Number of protein chains: 2
Amino acid sequence: MSSDEGPRAAGAPAPEAGAWLGEVRWNADGLVAAIAQDAATQRVLTLAWMNREALARTEATREAHYWSRSRGRLWRKGESSGHVQRVQEIRLDCDGDAIVLQVEQVGGIACHTGHARCFYRRLERGRWIETDPVQKDPREIYGHG
Amino acid sequence: MSSDEGPRAAGAPAPEAGAWLGEVRWNADGLVAAIAQDAATQRVLTLAWMNREALARTEATREAHYWSRSRGRLWRKGESSGHVQRVQEIRLDCDGDAIVLQVEQVGGIACHTGHARCFYRRLERGRWIETDPVQKDPREIYGHG
């Protein structure tokens, strides 16, 4: 993404078309929480964060873009792994500070750990139990294997 | 909830039983994001925040408790409206900073606006369109009608 940074980069909508972005209640860091839900299985896959540009690009390209708080940069989901999220629907909540995406999860793997979803642990009698198997070794996914 | 505040109140688990709470990665404000998903319809109903006590009580009582950032207090979902969330499952994500609850939404209304879910608006051609009807007038729900 380093070659096309900036608010007026290809794929971003024209300013006059972006009034809907103004209805989002961005937090103090300029971010909104974005839940991705698998359109086929209805499982919640990921919770990530978007800044204004990430949401604009998500809408324009129909592929989920997020703001990586740890890396401090825009991030197209799947840019390294190929596990793109194709966006079928974008919803906003009552007070405008949370988004739900309905997505087609390419490759069937949403989590960097190689699990199908990030929520692979369930609380059982006071312990977090891993209920879902790893689909693919992360070293294979990211080409470090 | 004003009569039973405090970390050792009734319903909170004994400290030795709470090791799982230490695996949650609380943010700088001591909170974790909590998604509630309808166990029957699989719709995402709400995104709210929990502090340590809210999550401990949610586990102990099997009713969703949150931390209200606007009111600055613990909040049992449905304490005013009766629209309690009965918790069937608690999941944690890969990096420990997000929760998914599977809930039975009592009354079928999760949102303070009287909608079944908070995510009642969908983006359509650059506009947020209300796709879901109001189930009940909020003045009726909260007894101000």
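Me: Which residues of the largest nonpolar core touch the most other members?

Reply: In soluble globular proteins, nonpolar side chains tend to be buried together. A nonpolar core here is a set of buried Ala, Val, Leu, Ile, Met, Phe, Trp, Tyr and Cys residues joined through C-beta atoms within 7 Å. A residue is buried if 20 or more other C-beta atoms lie within 10 Å of its own, exposed if 12 or fewer, and partly exposed in between, with C-beta atoms placed from the backbone. In this case, the largest nonpolar core has 66 residues, and those touching the most other members are A:Ile35, A:Ile99, A:Leu101, B:Ile35, B:Ile99 and B:Leu101. Residues up to four places away in sequence aside, A:Ile35 touches residues of both chains, including A:Val44, A:Leu47, B:Ile35 and B:Val44. Such a contact requires C-beta atoms, placed from the backbone, within 7 Å.

Me: What should I know about the origin of the model and its numbering?

Reply: This is a predicted model, in which local features need pLDDT of at least 70 and side-chain atom pairs count only at pLDDT 80 or more, while totals for chains, interfaces and linings use all residues. Residues are numbered from 1 along each chain as its sequence is written, and chains are lettered from A and ligands numbered from 1 in the order in which they are written.

Me: How many helices and strands are there in chain A?

Reply: Helices (H or I, at least four residues) and strands (E, at least two) are DSSP runs, numbered from the N terminus. Chain A has two helices and eight strands, in the order β-β-α-β-β-β-β-β-β-α from the N terminus on. Of the 145 residues in chain A, 37% are buried.

Me: How are the two copies of the chain related?

Reply: Two copies of a chain are related by a rotation about an axis and a shift along it.

Me: How many residues of chain B are in contact with chain A?

Reply: In chain B, 29 residues are in contact with 29 residues of chain A. Strands E1 (32-38), E2 (44-50), E5 (85-92), E6 (98-105), E7 (121-124) and E8 (127-130) of chain B each supply at least two residues of the side that touches chain A. E5(B) gives the largest share of that side, four residues. The side divides into 16 nonpolar, five polar and eight charged residues; Ala, Val, Leu, Ile, Met, Phe, Trp, Tyr, Cys and Pro count as nonpolar, Asp, Glu, Lys and Arg as charged, and the others, Gly among them, as polar.

Me: In what order do the strands of an open sheet stand?

Reply: Strands of a sheet pair through backbone hydrogen bonds, either parallel or antiparallel. Two strands count as paired if DSSP finds at least two bridges between them. One open sheet of six strands has the order E8(A)-E7(A)-E5(B)-E6(B)-E1(B)-E2(B), with mixed pairing. E8 (127-130) of chain A and E2 of chain B stand at the edges, each with a single partner strand, so one side of each has no neighbour in the sheet. From one strand to the next, the twist averages 35°. Within this sheet, E1(B) and E6(B) run parallel and are joined by six bridges, with B:Ala34 opposite B:Ile99 in E6(B).

Me: Which strands stand at the edges of the sheet that holds E2 of chain A?

Reply: That open sheet of six strands has the order E2(A)-E1(A)-E6(A)-E5(A)-E7(B)-E8(B), with mixed pairing. Its edge strands are E2 (44-50) of chain A and E8 of chain B, each pairing on one side only. E5 (residues 85-92) of chain A pairs with E7(B) in the antiparallel sense over two bridges, and the bridge partner of A:Arg91 in E7(B) is B:Arg122. E7(B) also pairs with E8(B), antiparallel over four bridges.

Me: Which residues of helix H1 of chain B are buried?

Reply: In H1 (residues 52-61) of chain B, the buried residues are B:Ala54, B:Leu55, B:Ala56, B:Arg57, B:Thr58 and B:Glu59. By contrast, B:Asn27 is exposed because it has 11 other C-beta atoms within 10 Å; B:Asn27 lies in the segment before E1 of chain B.

Methods: Two residues are in contact if their C-beta atoms, placed from the backbone, lie within 7 Å. Axes are lines fitted to C-alpha atoms, for helices over the stretch in contact, and angles run from 0 to 180 degrees between N-to-C directions.
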